[in-house]
Amino acid sequence: MAQSTTKQWSVGKLLLVVGIVAIVAGAAVGTSVGYAVRYAAPTTRSFYLFNNSLPFDQDVWGIPHDTFSPDRITVNKGDKVVIYYRNIEDTTEDHNFVMDPPYTFDAVVHAGQTENFPVASTLKGITVVVVHVNQTATITFTASWSGVFRYYCSFHPPTMTGYLVVLG
Amino acid sequence: MQTMKRSAVLRWSAVGLLFVTGLTDIYYGNFNAGFYENLWYAMGTIYIFTAAVIAANFEPRFAQPAVFGYAIFLFVLWATTAFATGVGLDTVAYLDKAIEALLVVNMALLIRSSRSPSLLR
């Protein structure tokens, strides 16, 4: 008669081993699912940004009637952000685009209403770009820091202000 | 005789808890989950299947530890996922997981009772 070489585990040892394996496996799968759900791969996000004028008399109210449209840009940390900033003024009024530190950006200013017009200037690592009327600036940067960061036109404070929201 | 009776009681209470947990999981997937509904359906269906396996007393030496491990696995899976994502933290989920914790204890007692020397003799 063949003798069994299989050793029987005690109940305590069996429960302990099964319990530990289940806990480790559950934690590993759960953590992976949690990470996968929250993770968003960095991507390029494009926005069209315009100057806007609210219908009030700025001399009467004492503040500029200029605003940004949109005044909120929301991206994930790590995203590449491309902003097509168009000065659509019907007067000869300049606007600029300034970003608060730590952000800097690259900008290509086109001498016309679209990106198909000749390049007027190419700027790298700057914090301010001026856009004349009927010009378009293509502003690019990577959202490397999470938080809320102001962008504004320094010619028309405080109304012409927006916020870059970087989810981290 | 006393051990056999105790083992049978634990087995049928485990069947009841498995069935209730399975139904709660399916209900939750249908109404509350908000994400990974299919996962809740699968978990619930597996629980109901294991209820049948435990009721039939099919291969108890394998089936009982497997169900014990499965219940712990799902509890920890829920805990880590819920706290990582903020989803699945509500009354139905808490109730479901409380029953699941009870099931883990029930299965541990059932395994101990089923492997009692008086039953193996």
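Which strand of chain A does strand β1 (residues 44-53) of chain A pair with in the parallel sense over seven bridges?

## The model

This is a predicted model: local features need pLDDT of at least 70, side-chain atom pairs count only at pLDDT 80 or more, and totals for chains, interfaces and linings use all residues. Residues are numbered from 1 along each chain as its sequence is written, while chains are lettered from A and ligands numbered from 1 in the order in which they are written.

## Strand pairing in chain A

The partner is strand β4 (residues 80-86) of chain A. Two strands pair if DSSP finds at least two bridges between them. In this pairing, Thr44(A) has Lys80(A) of β4(A) as its bridge partner.

β1(A) also pairs with strand β2 (residues 66-69) of chain A. Here the sense is antiparallel, over four bridges. Asn51(A) finds its bridge partner in β2(A): Phe68(A). In a regular strand, side chains alternate between the two faces of the sheet.

## Chain A as a whole

Chain A has two helices and eleven strands. Both kinds of element are DSSP runs, numbered from the N terminus: helices are H or I with at least four residues, strands are E with at least two. From the N terminus on, the order is α-β-α-β-β-β-β-β-β-β-β-β-β.

Chain A has 168 residues, and buried ones make up 21% of them. A residue is buried if 20 or more other C-beta atoms lie within 10 Å of its own, exposed if 12 or fewer, and partly exposed in between, with C-beta atoms placed from the backbone. Now take contacts between residues at least 6 apart in sequence: in chain A, 66% of them join residues at least 24 apart. Two residues are in contact if their C-beta atoms, placed from the backbone, lie within 7 Å.

## Chain B as a whole

Chain B comes to five helices and zero strands. Its elements run α-α-α-α-α from the N terminus on.

Of its 121 residues, 40% count as buried. Among contacts in chain B between residues at least 6 apart in sequence, 74% join residues at least 24 apart.

## Where the chains touch
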